Amino acid sequence: PTDTLARFKDPALCGNLLDRIRAELDGPLAFMEVCGTHTMAIFQSGLHSLLPPEIRHLSGPGCPVCVTHEGEVAAFLEMAGKDDVIIATFGDLMRVPGPRGTSLKLAQAEGCRIEVVYSAFDALALAQKHPTAKIVFLGVGFETTAPTVAATVKIAAEQGLNNFFVFAMHKLVPPALSALLQDPDVKVDALLLPGHVSTIIGTEPYQFLATDHGVPSIITGFEPLDILQALLLIIEQRKTNQPTVVNQYSRAVADAGNPQARKIMSEVFAVSDALWRGLGTIPHSGLTFHGDYRRYDAREVLGVEVQDLPPLPGCRCGDVLKGKMKPSACPLFSKACTPASPVGPCMVSTEGSCAAYYKYAL
Ligand code: SF4
């Protein structure tokens with residue numbers, strides 16, 4: 001398998017594909033890589049500088065920390081301030097700026113109990129260790145992470161744990177793509193679809209991209225060869241005027257996705273409207289607890305509401321997440337906003353576009 005993976009980085013094969021892309025390209029092409037991991041992969045592999053200048057890549061709304069709404073950040077900071085609460089969170093969220101310059105990291109320094117965990121299961125262990133505290137796990141992420149969080153909630157129910165809760169901020173990718181493509185200001189010729197999300201949802205939920213919007217859309221992996229092959233497929237589709245959804249990442253993504261993971265997710269969560277940073281409220285794009293599982297909903301238990309707060313002053317993450325603006329065009333980029341002193345989440349997250357541009361494109 002290691003040898004096979006190495007082939008996906010093979011310089012000669014990549015060179016061949018680049019030559020074919022240059023030969024077949026029939027005009028300017030703006031593609032959006034929906035997923036933050038693709039943004040990083042394009043920079044890390046050097047493809048950013050090797051692609052023909054007519055090909056522009058735009059970042060999309062596929063970085064889970066970046067799309068977490070200002071109101072959600074304010075809500076989990078409010079939860080962190082409660083005496084009987086221990087927040088369990090992935091490390092990426094620690095430095096995401098909230099209103100008035102606050103963050104979980106600053107809250108921790110001021111005495112709030114906040115633990116960095118590596119999985120939702122670690123948060124369960126915290127609940128067992130601190131039976132008199134309310135453990136609130138911050139559930140961010142797309143269809144990729146939601147099934148694991150749902151499975152953790154089911155385990156909590158089986159174990160009768162009554163001090164484990166989840167602030168579910170999960171988001172669903174296809175409705176966000178639908179909202180993006182309906183925005184007349186978003187100019188995208190093609191999409192690179194997220195490999196990880198697709199392992200769960202498969203190919204079917206994306207079909208509308210081709211049938212309703214006529215946008216070539218390729219589910220692709222994260223190696224240079226994957227991305228180049230996807231671009232060649234896009235160019236070929238455009239030439240024949242036959243936009244379709246193609247699963248280029250078939251070594252990891254089954255066309256049917258992972259039905260078992262979706263089943264667990266749907267047992268615990270119901271689809272709901274959700275607030276996205278930069279994109280506002282998108283119908284049917286989030287997950288909320290349903291049925292008996294509502295007792296694990298941190299929002300309900302702690303009485304904390306998510307408000308539709310305005311963007312952080314000066315931060316253009318919203319425009320970056322819609323592909324309307326390159327990070328380097330933000331007036332604060334690399335000046336007031338750096339990874340050491342981030343103004344917005346797109347500079348915080350390892351999958352954030354601003355962090356990627358800062359690291360690789362300065
Ligand atoms: Fe926001 Fe900083 Fe990115 Fe500008 S550079 S959009 S302030 S995160």
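Ser250 sits in the loop between strand E9 (245-247) and helix H14 (259-268); helices (H or I, at least four residues) and strands (E, at least two) are DSSP runs, numbered from the N terminus. The C-alpha atom of Ser250 is separated by 8.6 Å from that of Ile219, 31 residues apart along the chain.

The model is predicted: local features need pLDDT of at least 70 and side-chain atom pairs count only at pLDDT 80 or more, while totals for chains, interfaces and linings use all residues. Residues are numbered from 1 along each chain as its sequence is written.

## Domains and their contact

The domain assignment, automatic or from a database, gives domain 1 (2-63 + 176-247) and domain 2 (66-172 + 257-302). Taken over C-alpha atoms, the centres of domain 1 and domain 2 are separated by 31 Å. Eleven residues from domain 1 and 15 residues from domain 2 take part in the contact (C-beta atoms, placed from the backbone, within 7 Å).

On the side of domain 1 that touches domain 2, helix H10 (173-182) and helix H11 (195-201) are the elements that give two or more residues. H11 gives the most, with six residues. By class, this side of domain 1 has seven nonpolar, four polar and no charged residues; Ala, Val, Leu, Ile, Met, Phe, Trp, Tyr, Cys and Pro count as nonpolar, Asp, Glu, Lys and Arg as charged, and the others, Gly among them, as polar.

## Helix H3

Helix H3 (residues 36-44) has Gly36, His38, Thr39, Met40, Ala41 and Ile42 buried. Its buried residues pack against several elements, among them strand E1 (29-35), strand E2 (55-62) and helix H13 (224-240).

## Strands E3 and E4

Four bridges pair strand E3 (residues 85-89) with strand E4 (residues 113-116) in the parallel sense (pairing requires at least two DSSP bridges). Opposite Glu115 in E4 stands Ala88.

## Ligand shell

The ligand has 15 residues around it, of which Cys315, Cys330, Cys337, Gly344 and Cys354 come nearest (a residue is near if its C-beta atom, placed from the backbone, lies within 6 Å). Twelve nonpolar, two polar and one charged residues form this shell.

Conventions: Buried ≥ 20, exposed ≤ 12 C-beta atoms within 10 Å, placed from the backbone. Contact = placed C-beta atoms within 7 Å.
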